[in-house]
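Biologist: I have the model open next to the sequence and would like to go through a few spots with you. Could you start with a residue you find worth a look?

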Amino acid sequence: MPAQNDNNENDVDHLDIEPPKDHAAGATAVAVSMKRALGHMGPVRTAKTLLSLNQAEGFDCMSCAWPDPDPGHRHTAEFCENGAKAVAEEATTTRATPEFFAAHSIAELDSHTEHWLGQQGRITHPMIKRPGGTHYEPIAWDDAYALIADELNGLATPDEAIFYTSGRASNESAFVYQLFARAFGTNNMPDCSNMCHESTSIALQESIGIGKASVTLDDVYNAELIIIAGQNPGTNHPRMLSALEKAKQNGAKIMAINPLREAGLVNFKNPQTPRGMVGPGTDLTDMFLPIALNGDLALFQALGSLLVEWDALDHDFIESHTTGFEAWREHVKAVDWEVVTTTTGLTRQQITEAAELLRRSKATVFCWAMGLTQHRNAVATIKEVTNLAFAQGNIGKPGAGLFPIRGHSNVQGDRTMGIWERPPQHFLDSVQREFDFDPPREHGLDTVDSIRALRDGKAHFFLGLGGNFAQATPDSDVTFKALRSARMTVQISTKINRGHLVCGETALILPTLGRTEKDVQAGGPQFITVEDSTCSVHASRGPLAPASPHLRSEVAIVTGIAQATLGDRHGIDWASMREDYRTIRAHISRVVPGCEGYEVNVRRPGGFILPHPPRDTRSFETESGRGEFAVSPIEVLQVPAGHLILQTLRSHDQFNTTIYGLSDRYRGIEGGRRVIFMHREDISALGYRDGDIVDIVSRWDDDDNVRCAPTFRIVEYATPRGCAAAYYPETNPLVPLDSTALDSNCPTSKSIIVSVVPAGQGDPDSGSSDQDSTGSDWDHKSHPQPHHLS
Ligand SMILES: Nc1nc2c(c(=O)[nH]1)N[C@H]1C(S)=C(S)[C@@H](COP(=O)(O)OP(=O)(O)OC[C@H]3O[C@@H](n4cnc5c(=O)[nH]c(N)nc54)[C@H](O)[C@@H]3O)O[C@H]1N2
Ligand SMILES: Nc1nc2c(c(=O)[nH]1)N[C@H]1C(S)=C(S)[C@@H](COP(=O)(O)OP(=O)(O)OC[C@H]3O[C@@H](n4cnc5c(=O)[nH]c(N)nc54)[C@H](O)[C@@H]3O)O[C@H]1N2
Ligand SMILES: [Mo]
């Protein structure tokens, strides 16, 4: 179903706005899944793919990293609406052929929306844009590899190359990719995690000694209290709602902490049950805290102070397993309630009721996602969640634990396999032992630093294993310039995206197999392996014939480039890894901790679970050998008068930069994406009305750039005062490159200081505005009273 025309997509007049929904899923979700699946794939492919989705002998859904139930407990339809959309998007029958690229110049393609680009279907041939070229043209695989090898081998140092990974890559492709980058000589391995759960990885590594969740799905089913902070499961992890329903049936209470009352947090109509299809559904949230953006650190400290005051603490656990408790206790006892209530936008009574729920629960699971990780104080906030878990001993016992819910389906596995710009020394030692070369030891560049290096002429080559680096990253204008200054950009992709159009002097698109497809190599049919959010590792086998006979698997492409570039440097046998992935898994079993016996373990139905010392034995491989309480001062975000804090979030009809459609059903938005959700009183205090069209302008004190995202329709919405929301990636031009989380360098995509100006006045290039006018314009308007101290 290629979209013929996207002329109207950015048009704010075609928007249809309704009140937000009060429940998620139900019959509509089934209808939408089927309509999209049939539309893109037809009936045979729909049946073939959806019935093997998330089955033990089938393939792993690429839509998110939510875990699967045990093999015996899976439904025939073990997928959700958005999983079905992800599959339909990949298994579409539409093709972007060489004829398509001949008919559309790169400049023309670049004028289309991300939605339209995705609708042009699967790329069928390797393609090249030569220096000065206006179009992509086909190229033979071996010629493509040779060009890449020449470019890489001509660099002054290996550190002028950047090797990006998106979290859909399998463990096998990730392993050979990191091996190639390190054998070539660099740790410049930025990944999507740098923009996602990096704050989690850093915080948990320091406080519990491992950057991963300490729970299994059974712990969710058996929890007494489940806290869901900064996450929208109804859209981004819909199968989590079935688990929450089961937990509720077992008696759990649920507390949601979110500026928005997301439909999936309110009520769930499980499409797998009759009650869900026609009945009232299950009410999920017992307590909803409509927190102001970036208020979570203050909230968690206030909860901690009440637990201390009431002595609702697990002293045995604290004494036997942790360090730093006294300092933390003194810190939270002194919490300033005035600061807490202004920063959170919550009352002392609401917070006290929330603390009561914690006090009464003997087993609490703490879930979180991007609402906590993408802020300046994100690492401190997540350490504060850990402090709360320590205080009540909610770690390493049934029904309890820390549950950062990952985004991309294999982002966690990629890290396990060594995709990390800061690999631990013991990992490099193992690589050295196994492959007999000296891997580089100094840290490489993460995502933000890679953009800086390209911008500053310190890097010249970019290779992306999946993803959409151009569009997913912050500060689009800066990033686009940086990518365009590269000598060569190479994208291993399934479908066209912005990264193919915002490209280097020479640009290559190397089309690859997706999860839905059969992967046959010289050694016979292959499977790949992935790890979910709960450290469960298992196999995935695609049921469909490849979209084109010219596609190669990610493993084949990476090992092909490696062989062309390195020849027999270091004597690594790339060919046998490509021919039979068992060879890669044998290396994994010897290099990656916890993966001993990998081949046998991943072949079991349901796979195996990686070791996790805090979960398994309440032991902590931190510097002190104990769980570490952390003390973090509350830093209040300064919001100048007349400004708002903007969060950038996902609609119900996208996967990151892949836009499936224009329906954010649960929030009542149809027919477009350029909306900004604002509180009623902020709208009027700023001199606007619901429905007005504005530009969003962001301000960042450290540079003079005026950042603008033009033409958004104001939508009155139940969001706390001073807090606005708009979709990602349309708002990425507003995120300043230098605005990142302390310690994790994750872009602050959930707290950008912005103002709104009448449409046409925000764009610095349009001539009608400059830094001064955006500022002075505000001074004579009536200002909202931001809840933050300023
Ligand atoms: N269908 C679908 N599934 C996906 C994705 C997708 O795009 N589409 N993306 C995948 C990826 S890579 C990821 S990382 C996950 C993302 O999953 P989520 O983290 O659920 O995604 P976001 O849309 O960014 O939503 C963030 C939520 O946090 C809330 N929030 C924002 N700021 C704050 C805050 O300061 N405090 C609190 N308490 N809450 C806040 C927002 O209101 C919103 O509900 O989903 C994964 N799954
Ligand atoms: N403002 C703002 N920015 C954000 C976020 C936010 O909340 N707000 N969220 C951040 C987060 S959490 C993340 S994870 C990043 C996401 O950043 P990325 O992972 O880089 O982006 P995606 O949109 O997931 O990548 C989509 C592309 O992957 C390719 N692809 C799909 N399947 C496959 C496959 O099987 N193999 C290969 N090789 N390629 C494939 C397709 O060509 C598709 O266009 O964005 C981050 N950026
Ligand atoms: Mo993510």
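Modeller: Let me begin with Val 379, which at 3% relative accessibility counts as buried, and keep in mind throughout that this is a predicted model.

Biologist: Which element is Val 379 found in?

Modeller: Val 379 is part of helix α20, which covers residues 378–391.

Biologist: And what is Val 379 in contact with, leaving aside its neighbours within four places in sequence?

Modeller: Apart from those neighbours, Val 379 touches Ser 199, Ile 202 and Ala 203, and also Leu 742, Asp 743 and Ser 744. Ala 741 is 362 residues away from Val 379 in sequence, yet the C-alpha atoms of the two are 7.3 Å apart in space.

Biologist: Staying with α20, at what angle does it pack with α14?

Modeller: The angle between α14, residues 296–309, and α20 is about 20°, and their axes are 9 Å apart. Angles under 35 degrees count as roughly parallel, and α14 and α20 are therefore roughly parallel to each other. Their crossing is left-handed.

Biologist: Which residues meet there?

Modeller: From α14 the contact takes in Asp 296, Leu 297, Phe 300, Gln 301, Leu 303, Gly 304 and Leu 307, and these meet Ala 380, Thr 381, Glu 384, Val 385 and Leu 388 of α20. By type, the residues of this contact between α14 and α20 are seven nonpolar, three polar and two charged.

Biologist: What about α14 and α16, how far apart are their axes?

Modeller: For α14 and α16, the latter being residues 325–333, the axes are 8 Å apart and the packing angle is about 105°. That angle makes α14 roughly perpendicular to α16. On the α14 side the contact is made by Gln 301, Gly 304, Ser 305 and Val 308, and on the α16 side by Trp 328, Arg 329, His 331, Val 332 and Lys 333. The residues of the contact of α14 with α16 comprise three nonpolar, four polar and two charged.

Biologist: Changing topic, what is phi at Asn 656?

Modeller: Phi of Asn 656 is near 50°, which is again a positive value in a residue other than glycine. Asn 656 belongs to the loop between β26 (654–655) and β27 (658–659), and with a relative accessible area of 15% it is buried.

Biologist: Where is the cis peptide bond?

Modeller: The cis peptide bond joins Tyr 728 and Pro 729, with omega at about 10°, and Pro 729 lies in the loop between β33 (723–727) and β34 (752–758).

Biologist: How many residues of α11 are buried?

Modeller: Eight of the 11 residues of α11, residues 239–249, are buried, so this helix is largely enclosed by the rest of the structure. Among those buried residues are Arg 239, Glu 245 and Lys 248, along with Met 240 and Leu 241. After α11 comes Gly 251, whose phi is positive, near 105°.

Technical notes:
Residues numbered from 1 in each chain as written. Chains lettered and ligands numbered in written order. Predicted model: local features only at pLDDT ≥ 70, side-chain atom pairs only at ≥ 80, totals over all residues. Heavy atoms only, no water. Axes fitted to C-alpha atoms, helices over the stretch in contact; angles between N-to-C directions. Helix = DSSP H or I, 4+ residues; strand = E, 2+ residues; numbered from the N terminus. Parallel < 35°, antiparallel > 145°, perpendicular 65-115°, else oblique. Left-handed = near helix turned anticlockwise from the far one by under 90°. Contact = heavy atoms within 4.5 Å. Nonpolar A, V, L, I, M, F, W, Y, C, P; charged D, E, K, R; others polar. Buried < 20%, exposed > 50% of the residue type's maximum accessible area, 1.4 Å probe, protein only.
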